[in-house]
There are 2 protein chains.
Amino acid sequence: MHRTDFDVPVKLENHPLIESIAVDLPAPSLNDNTADLDRLARTLGQLGRSPVQIAPGKMNKLVRKIRGNDLCFRAVVGYTGTHWEVLDVVARSPDSAVFGFALDLGTSRLVFQLIDIARKKVIREVSEKNPQAVWGEDILSRIIFARDQEGLALLRDSLVKACSDAMLKMIEDSGIRAHCIYAVSCAGNTAMSHFFWGLDPSNICREPYIPAANTFPIVRAKELGFDFFPNALLYLFPNVGSYVGGDIISGVIASGLNRSTGIQMLIDVGTNAEIVLGNSEWLMACAGAAGPALEGGVVERGMQAVSGAIDKVRIDRKTLDPDFRVIGGGKASGVCGSGLIELVAEMFSSKILNIQGKFSTGLRCPRLRNTPDGPAYVLALSSQTGDGREMLISEIDIGIFLKSKAAMYTILSLICRKVGLSFGDLKNIYIAGNFGNHIDPEMAVRIGMIPDLPLETYHGIGNSSLLGASMLMCNRTLLAEAQKVRDMVTYIELNVNIELMNEFRGALFIPHTDPKLFPSVRIPQSGPQSLNTQV
Amino acid sequence: MHRTDFDVPVKLENHPLIESIAVDLPAPSLNDNTADLDRLARTLGQLGRSPVQIAPGKMNKLVRKIRGNDLCFRAVVGYTGTHWEVLDVVARSPDSAVFGFALDLGTSRLVFQLIDIARKKVIREVSEKNPQAVWGEDILSRIIFARDQEGLALLRDSLVKACSDAMLKMIEDSGIRAHCIYAVSCAGNTAMSHFFWGLDPSNICREPYIPAANTFPIVRAKELGFDFFPNALLYLFPNVGSYVGGDIISGVIASGLNRSTGIQMLIDVGTNAEIVLGNSEWLMACAGAAGPALEGGVVERGMQAVSGAIDKVRIDRKTLDPDFRVIGGGKASGVCGSGLIELVAEMFSSKILNIQGKFSTGLRCPRLRNTPDGPAYVLALSSQTGDGREMLISEIDIGIFLKSKAAMYTILSLICRKVGLSFGDLKNIYIAGNFGNHIDPEMAVRIGMIPDLPLETYHGIGNSSLLGASMLMCNRTLLAEAQKVRDMVTYIELNVNIELMNEFRGALFIPHTDPKLFPSVRIPQSGPQSLNTQV
């Protein structure tokens with residue numbers, strides 16, 4: 001899957017991480033015996049780039065290029081937070097080719113953007129499966145696999161190779177030369193960051209859950225194995241701790257929570273659901289296992305929101321027949337998270353499901369089947385699917401899905417309560433993740449997954465981890481901002497909590513046992529009665 | 001040639017460049033989720049070492065050692081001028097093994113000191129021939145040889161290999177393990193520094209004589225090819241320009257010119273003679289070709305002040321027979337610079353030479369020979385020499401030597417005049433170089449090589465370039481001081497100068513055409529008359 005040519009949505013001032021600066025060095029003379037490289041550093045300082053550093057292995061090459069260009073050239077410099085690194089000296093041409101990669105190191109998918117830094121343009125976006133999945137779909141299995149050095153090396157090498165292969169193919173496809181790549185900006189969760197850096201991740205899942213490292217120095221990309229980018233700096237977003245990784249910090253930066261006076265919320269639905277709440281004064285984060293079903297990973301015919309996934313569903317109130325949209329057109333392979341939300345919402349509104357998420361008894365409809373696992377709804381006919389099989393959604397599937405949506409609502413409710421807020425205090429809610437690009441907030445409210453707020457409160461921002469990484473490349477002030485966000489975030493542990501269990505039980509219903517929480521949702525007339533006796 | 005076990009003469013406070021610090025990390029808990037490495041950085045910060053950096057390739061190893069030592073260990077940290085680099089984590093033992101190398105990268109010789117940094121002890125000193133000599137004894141030939149990349153690579157590789165071999169043998173002979181070497185501190189002239197760093201030196205000898213680099217970042221030793229020291233930082237003293245290198249900056253640091261309120265002078269007699277004059281307020285430097293004969297390199301039987309060299313000479317005023325000392329005992333192989341000074345001084349005082357440096361006519365003495373090259377004096381009989389040949393010093397040899405001593409005096413005189421000083425304003429004069437260890441100031445004054453000042457003004461300080469490099473390892477405040485000295489030094493060009501030629505002619509005599517300049521020197525009665533007609 002790849003996209004091409006769209007803007008990096010950087011609304012802030014223009015302070016790129018990498019700059020190509022026209023330099024005319026004053027000619028050396030007997031009266032000014034400053035050495036070539038010191039002369040370059042002095043001139044860059046006069047142009048506001050100070051202090052300057054040059055990697056020892058680069059010095060001779062740069063001197064030859066300075067002299068070879070008769071002291072008149074472009075210096076490509078990269079900011080590291082504390083100094084400017086001279087990455088290259090190139091011939092003076094009006095068109096400066098300064099490119100970089102943004103990487104989202106996801107547990108299940110790796111996403112890459114090739115970016116024209118000077119123009120703030122995304123030239124190409126590619127998404128690949130994370131090859132580490134062969135050693136465990138979930139991150140915990142991989143952490144256990146990495147307990148010995150060999151396992152860690154296997155996981156790291158497969159990750160670096162997949163990233164290398166993808167990036168090399170992208171520059172080849174775009175006709176860009178490897179030495180024009182000057183930055184690689186990466187964000188991942190804490191375990192993925194450890195794998196990427198070759199760090200022992202074993203303490204991430206052992207009480208008291210202390211990672212090996214939370215902050216990472218800016219290094220030459222070749223130091224992490226990307227030898228083919230001789231001029232690139234590599235940046236990895238810092239983690240808050242084992243449960244809040246650089247992907248979330250990057251997401252906060254992308255959504256701008258930390259720059260807002262009003263209170264805002266970021267919901268990142270990936271393999272886990274991760275929530276950040278706050279403003280420019282404070283930020284709180286929590287994480288919970290709400291994700292897999294929402295990402296389509298647990299439901300039998302579930303899948304990620306990629307080509308072939310059903311992402312939109314409408315059910316005719318009379319015939320109870322579904323109408324749906326398949327991502328990329330063509331036949332359906334499965335249903336993604338937003339598809340499931342719409343399916344359940346529509347099944348509920350058309351009275352196929354009751355508020356408990358059970359199929360209504362005595363309902364007559366050609367789309368209903370009795371299976372060994374109980375009743376099921378035919379979402380797609382065999383003629384509509386890629387494999388020629390009917391796509392069934394069972395009561396079990398719906399039960400699994402409702403647990404995810406209940407977990408999500410509970411987490412949102414709890415984190416607000418923890419800081420003494422009600423949902424009405426939230427100015428904006430950003431829904432990130434691939435999921436966030438496809439979700440219809442009205443549908444998600446209807447099933448009680450997210451609070452019943454004005455729909456304009458909700459904003460899908462897509463892959464916010466990737467977005468933060470690409471924004472950083474076009475705005476170096478975000479380097480310090482990311483570090484500040486990391487230091488500000490307080491992590492709230494929600495996992496083992498009796499309060500959560502009580503909340504959760506009410507949220508398992510559609511939309512909730514307490515309809516006052518969802519005043520905008522029309523509860524169908526013929527739902528089951530006397531809820532309290534059934535809980 | 002090697003020496004063992006003497007102190008690094010650091011009179012300043014105890015601020016070693018490398019420190020081994022006992023660390024007890026607070027145990028991680030659910031309430032303190034700081035990552036292992038961030039916890040280490042925080043604790044080192046509390047102990048006054050901040051900011052802290054860790055090389056990306058080291059992170060995993062350090063985490064394993066931190067955990068392997070149950071959070072109680074020694075952190076070996078090195079100062080870089082801007083931050084502390086964590087070099088290693090080792091088991092907590094009362095005895096911390098922290099070693100380093102000081103290197104003097106001389107044009108003709110490489111000198112190495114293995115230093116116990118914590119104890120400020122030189123464990124071993126070794127001196128080797130510079131292997132680059134096969135591509136040219138003089139630095140200019142080597143610079144020309146290095147004009148293409150292959151030539152530069154050959155020169156650099158031979159230098160790095162010679163340094164590697166010497167250092168590896170030294171640690172083997174001392175029973176020290178390579179991972180206990182934490183610093184390599186080097187000083188050399190500008191060309192040698194360029195060779196060492198692999199930098200193109202060609203502009204050093206092309207007008208306007210601008211080196212590729214004057215300052216060098218502190219790097220991991222492995223970055224320059226010293227892979228076998230996995231934990232070592234490498235420091236190379238900065239240059240002022242093509243003619244004043246890091247060896248001189250290191251010498252200024254060693255002699256303390258820059259810390260003195262009174263005006264002092266440093267004379268470094270190596271392949272060139274290099275002079276620095278000044279105090280804590282200002283420093284001026286100049287260089288001139290006074291060196292080779294003084295180092296024994298031009299005179300036929302001349303040699304460096306190493307084993308087998310005659311370094312002290314007395315001549316019986318009546319018999320005109322010489323008595324001499326051979327360095328290391330045994331038979332004589334040649335005569336070194338200080339031996340030549342004493343020989344000429346004694347030949348002058350015993351009237352064998354007149355004030356023009358010619359053999360006195362009509363002198364009868366069994367030690368005088370007539371050779372095809374003119375008259376000569378037998379310094380050593382065939383029974384006293386290693387090769388069984390008489391050691392003759394001819395009038396031609398003496399003529400060459402007198403040019404060197406005249407050049408030296410002229411340079412000293414000119415640099416003082418340039419800044420409006422007379423010799424009497426000089427509080428201390430430090431004579432550096434191997435030469436400086438052996439020279440007797442009274443003898444040097446007698447021949448008019450150095451000004452006629454109270455003898456206590458003169459101090460031989462040996463290899464000041466090596467001394468500064470070793471002092472730096474035991475005192476990190478010298479890092480900033482070296483940079484400050486570099487920025488302070490003003491270079492004075494003396495090379496092409498009519499004034500110098502006039503001065504020089506007078507200084508060719510013994511001690512000088514103007515005896516008022518050398519009131520303490522007793523001019524022998526029967527010297528030739530009417531000087532003026534003969535000049």
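Student: Which residues of α6(A) meet which residues of α12(A)?

Tutor: This is a predicted model, and the answer is read from its contacts. On the α6(A) side they are A:Asp247, A:Ser250, A:Gly251, A:Ile253, A:Ala254 and A:Ser255. On the α12(A) side they are A:Ser464, A:Ser465, A:Leu467, A:Gly468, A:Ala469 and A:Met471. By class, the residues of this contact divide into five nonpolar, six polar and one charged.

Student: What describes the way two helices pack?

Tutor: Two packed helices are described by the angle between their axes and the distance between the axes. For helix α6 (residues 246-255) and helix α12 (residues 464-474) of chain A, the axes come within 7 Å and cross at roughly 70°. Angles of 65 to 115 degrees count as roughly perpendicular, and α6(A) and α12(A) are therefore roughly perpendicular to each other.

Student: At what angle do helix α6 and helix α12 of chain B pack?

Tutor: In chain B the angle is about 70°, and the axes are 7 Å apart. That makes α6(B) roughly perpendicular to α12(B). From α6(B) the contact takes B:Asp247, B:Ser250, B:Gly251, B:Ile253, B:Ala254 and B:Ser255. From α12(B) it takes B:Ser464, B:Ser465, B:Leu467, B:Gly468, B:Ala469 and B:Met471. The contact of α6(B) with α12(B) has five nonpolar, six polar and one charged residues.

Student: How many residues does each chain give to the contact of chain A with chain B?

Tutor: Chain A gives 32 residues and chain B gives 33 residues. On the chain A side, the elements that give two or more residues are α1 (36-46) and α2 (59-68). The largest share of that side, four residues, comes from α2(A). The side of chain A that touches chain B has 18 nonpolar, nine polar and five charged residues.

Student: How many of the residues of α8(B) are buried?

Tutor: The count is 13 of the 13 residues, so α8(B) is largely enclosed by the rest of the structure. Helix α8 (residues 337-349) of chain B reaches 18 Å from its first C-alpha to its last, close to the 18 Å expected at 1.5 Å a residue. It is followed by B:Lys351, whose phi is positive, near 65°.

Student: Where is A:Pro511 placed?

Tutor: A:Pro511 is in the loop between α14 (498-507) and α15 (531-534) of chain A. The peptide bond from A:Ile510 to A:Pro511 is cis, with omega near -10°. In chain B, the bond from B:Ile510 to B:Pro511 is cis, with omega near -10°.

Student: Which residues touch the most other members of the largest nonpolar core?

Tutor: That core has 326 residues, and the ones asked for are A:Ile275, A:Val344, B:Ile275 and B:Val344. Not counting residues up to four places away in sequence, the contacts of A:Ile275 include A:Met265, A:Leu266, A:Cys286 and A:Ile411.

Student: Is A:Arg49 buried or exposed?

Tutor: With 20 C-beta neighbours inside 10 Å, A:Arg49 counts as buried. A:Arg49 is placed in the loop between α1 and β3 (52-53) of chain A. Leaving out residues up to four places away in sequence, A:Arg49 touches A:Ile21, A:Leu44, A:Val77 and A:Trp84.

Methods
Residues are numbered from 1 along each chain as its sequence is written. Chains are lettered from A and ligands numbered from 1 in the order in which they are written. This is a predicted model: local features need pLDDT of at least 70, side-chain atom pairs count only at pLDDT 80 or more; totals for chains, interfaces and linings use all residues. Two residues are in contact if their C-beta atoms, placed from the backbone, lie within 7 Å. Ala, Val, Leu, Ile, Met, Phe, Trp, Tyr, Cys and Pro count as nonpolar, Asp, Glu, Lys and Arg as charged, and the others, Gly among them, as polar. Axes are lines fitted to C-alpha atoms, for helices over the stretch in contact, and angles run from 0 to 180 degrees between N-to-C directions. Angles under 35 degrees count as roughly parallel, over 145 as roughly antiparallel, 65 to 115 as roughly perpendicular and the rest as oblique. The expected span of a helix is 1.5 Å times one less than its number of residues. A residue is buried if 20 or more other C-beta atoms lie within 10 Å of its own, exposed if 12 or fewer, and partly exposed in between; C-beta atoms are placed from the backbone. A nonpolar core is a set of buried Ala, Val, Leu, Ile, Met, Phe, Trp, Tyr and Cys residues joined through C-beta atoms within 7 Å.
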